[in-house]
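Trainee: I'm new to this one, and I'd like to walk through it with you. Can we put it up and take it piece by piece?

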Amino acid sequence: MKTNRRNFLRTTAAATAGTMLVSPAFAINAAKSRYQISLAEWSFNKALFGGEMTNLDFPKVTRELGIDGVEYVNQFFKDKAKDEKYLAELKKITKNEGVTNVLIMCDGEGMVGHPEKEERVKTVENHKKWIDAAAFLGCHSIRVNAGSRGEYKEQQKLAADGLHMLCEYGDNKKINIIVENHGGLSSNAEWLTGVMKMVDHKRVGTLPDFGNFIINRETGEEYDRYKGVELLMPYAKGVSAKTNVFDANGDEANMDYYRLMEIVDDAGYKGFVGIEYEGSEISERQGVMATKALLEKVFKTL
């Protein structure tokens, strides 16, 4: 049934495109969507690591590309979390450019589900500065990793403990703590939804990533992406639209974006959908624009 619906929607979208050539007024209405598009800074990681772009340039580039929101990666301003002068400058730039600060993706700050309590507490302390920075910038969330060690259920308990501590601090700043399916057990949606239930806090949530469902790179074990997104969406406070390769029609070659966004839409999600281009066949800028075009095309079928 859903497959037939998707095929119908694609055909309708194509017909609508033809109608829009004749009716500009209808074109404006058809282009409206309840979704806004944001841009994950990782999409430009090569330019940033290569010194061709800085974190302060990122909001400007985002606006140049006609995108409304920015999703920062802490690696690109690692030493600036407590630098109020720097953060004030960044906030001013985003205001001037008319883009929304959405979230900060945090890496390299420790293991949220570390087996040792002392290390979990240390990890929480390490993340507090990013919660503060996110609050200062006007973001709604920080993205963390739910890394742990041990058996399946034990890792759930450990990750839930670390996340709950983070949520308690985030509550004071009105910042959500969201977890991406980001490798290991976090890419097992059943495991991650179990963690969400254990945390049981209004500030905790997920950031479903369309592409990050590889549980074990060595064995090639992978979780079904469509089932994974469906399970994670009830807890979602963000969505990461990962792309790598595009076909001749401008669709993602390895994912059914119509099916994925239908799952997002059916869940009643209303927030930003974040572009995260990780391919290498075209430039970073071209990849971001191709993803934006794909999302806008798909949005019209919803």
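Trainee: Let's start with E180: is E180 buried or exposed, and what is its relative accessible area?

Mentor: Keep in mind that this is a predicted model. E180 sits in strand 5, which covers residues 176–180. The cut-off for buried is under 20% relative accessible area. E180 falls under that, so it counts as buried, with a relative accessible area of 1%.

Trainee: Which side chain does E180 join in a polar contact?

Mentor: Look at what surrounds E180 first, leaving aside neighbours within four places in sequence: its contacts include V144, S186, L192, L207 and D209. R143 is in that list of contacts too. The polar contact is 2.9 Å, and the partner side chain belongs to R143.

Trainee: N176 is in strand 5 as well. How far apart in space are N176 and S141, C-alpha to C-alpha?

Mentor: N176 counts as buried, at 12% relative accessibility. Beyond four places in sequence, its contacts are H140, S141, I142, K202, R203 and K237. N176 and S141 are 35 residues apart in sequence, yet their C-alpha atoms are separated by 4.3 Å.

Trainee: Now for K174. What is its phi near?

Mentor: You'll find K174 in the loop between helix 7 (152–173) and strand 5. It counts as exposed, at 63% relative accessibility. Most residues other than glycine have a negative phi. K174 isn't a glycine, but its phi is positive, near 60°.

Trainee: And where is D200, which has a positive phi although it is not a glycine?

Mentor: The phi of D200 is about 50°. D200 is exposed, with a relative accessible area of 64%. Its place is the loop between helix 8 (189–199) and strand 6 (204–207).

Trainee: Moving to helix 5, how far does it reach from its first C-alpha to its last?

Mentor: Helix 5 runs over residues 84–97, which makes 14 residues. At 1.5 Å a residue, the expected span is 20 Å. The model comes close to that, with a reach of 20 Å.

Trainee: Which residue caps the N-terminal end of helix 5?

Mentor: At the other end, helix 5 is followed by G98, with a positive phi near 75°. At the N-terminal end, a side-chain oxygen lies 3.2 Å from the backbone nitrogen of K85.

Trainee: Last one: what is the volume of the largest cavity?

Mentor: Searching the whole structure turns up one cavity of 30 Å³ or more. Residues lining the largest cavity include E71, V102, H140, L207, K237 and F272. Its volume is about 40 Å³.

Key
Residues are numbered from 1 along each chain as its sequence is written. This is a predicted model: local features need pLDDT of at least 70, side-chain atom pairs count only at pLDDT 80 or more; totals for chains, interfaces and linings use all residues. Side-chain values use heavy atoms; hydrogens and water are left out. Helices (H or I, at least four residues) and strands (E, at least two) are DSSP runs, numbered from the N terminus. The expected span of a helix is 1.5 Å times one less than its number of residues. A polar contact is a pair of N or O atoms within 3.5 Å; within protein, one must be able to donate a hydrogen and the other to accept it, and residues adjacent in sequence count only if both atoms are side-chain atoms. On a 1 Å grid over the protein atoms alone, a cavity is a set of points where a 1.4 Å probe fits but cannot get out, and a pocket is an open set with protein on both sides within 12 Å along at least five of seven lines; lining residues have an atom within 4 Å of a point. Grid points are joined across faces, edges and corners, and a volume is the space filled by probe spheres set on the points. Buried means under 20% relative accessible area, exposed over 50%, partly exposed in between (1.4 Å probe, protein chains only). Contact means heavy atoms within 4.5 Å.
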